[in-house]
Amino acid sequence: MNKFVVLVVEDDKLILNLMTTTLGIHNYKYLTAASASDALLQITSHNPDVIFLDLGLPDMDGVDLIRKIRTWSAVPIIVISARSEDTDKIEALDAGADDYLTKPFSVDELLARLRVTQRRLAASQGNMNSHIFENGDLKVDFAAGTAYMNGEELALTPIEYKLLCLFCKNIGKTLTHTYLTDAIWGNTFDSDLASLRVFMASLRKKIEKDTTHPQYIQTRIGVGYRMNRL
Ligand code: CA
């Protein structure tokens with residue numbers, strides 16, 4: 001039995017059933033909640049390892065619930081939202097959610113998000129103090145401020161390096177455009193968003209084999225970018 005405990009917060013019974021059936025088949029322990037108040041109760045009493053959270057709950061706005069949880073807990077939160085709720089999704093990520101799934105999603109997508117989260121938790125526990133980051137053929141030495149691909153040092157501009165570090169330190173997490181432009185420039189104007197795209201394109205040219213099918217950093221259309229664990 002997997003010791004990992006998943007809390008599913010979802011008021012739609014069909015989706016909840018699909019998710020809990022999938023989790024059960026794959027030996028995950030799970031808890032369920034159909035409202036925000038249920039969720040808060042489950043989190044405080046059972047301390048789950050990851051939360052799947054539907055943004056449209058009957059008793060509280062999902063984004064407000066994330067803000068509330070974040071006042072005392074860093075538990076990974078994966079938001080479940082309808083395609084029409086793009087702005088909510090971005091708000092949720094900026095409020096502290098780690099990633100999102102868009103309805104309708106496949107069982108494979110659900111399990112993939114879960115594996116990414118598990119690996120990220122394991123890595124952050126193991127390498128808390130490590131200054132070397134490795135993912136596939138990519139290696140970053142934070143102490144030296146250098147990055148390598150296949151053992152060869154990458155010639156990155158300071159902004160490209162800063163961007164790359166943000167992704168490495170948040171591997172598996174979707175980083176929104178606002179998060180990235182804030183972190184790089186300390187503000188978010190439309191012009192920064194355009195610059196971000198330019199820097200992302202140049203960073204990708206340096207780290208991806210095929211920039212039309214990026215392996216390391218994936219575009220989350222209309223939302224931001226995420227580094228995948230290879
Ligand atoms: Ca709902």
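Strand β7, residues 138–141, is joined to strand β8, residues 146–149, by 4 bridges, and the two run antiparallel. Please keep in mind that this is a predicted model.

Next, the metal. Which protein residues are donors of the calcium ion? They are Asp 11 and Asp 54, each through OD, and Gly 56 through O, at 2.2 to 2.4 Å from the ion. Along the sequence, the spacing of these donor residues reads D-x42-D-x1-G. Asp 54 has a relative accessible area of 3%, so it counts as buried, the cut-off being under 20%. Gly 56, at 37%, is partly exposed.

Last, some backbone details. Lys 103 and Pro 104 are joined by a cis peptide bond, with omega about -10°. Pro 104 sits in the loop between β5 (99–103) and α5 (107–126).

Asn 27 is not a glycine, yet its phi is positive, near 65°. Asn 27 lies in the loop between α1 (13–25) and β2 (29–33), and is partly exposed at 42% relative accessibility.

Asn 47 also has a positive phi, near 50°. Its loop runs between α2 (36–46) and β3 (50–54). Is Asn 47 buried or exposed? Its relative accessible area is 60%, so Asn 47 is exposed.

Definitions and conventions. Residues are numbered from 1 along each chain as its sequence is written. This is a predicted model: local features need pLDDT of at least 70, side-chain atom pairs count only at pLDDT 80 or more; totals for chains, interfaces and linings use all residues. Side-chain values use heavy atoms; hydrogens and water are left out. Two strands pair if DSSP finds at least two bridges between them. Donors are N, O and S atoms within 2.8 Å of the metal (3.2 Å for Na, K and Ca); water is not among the atoms, so sites may look incomplete. Buried means under 20% relative accessible area, exposed over 50%, partly exposed in between (1.4 Å probe, protein chains only).
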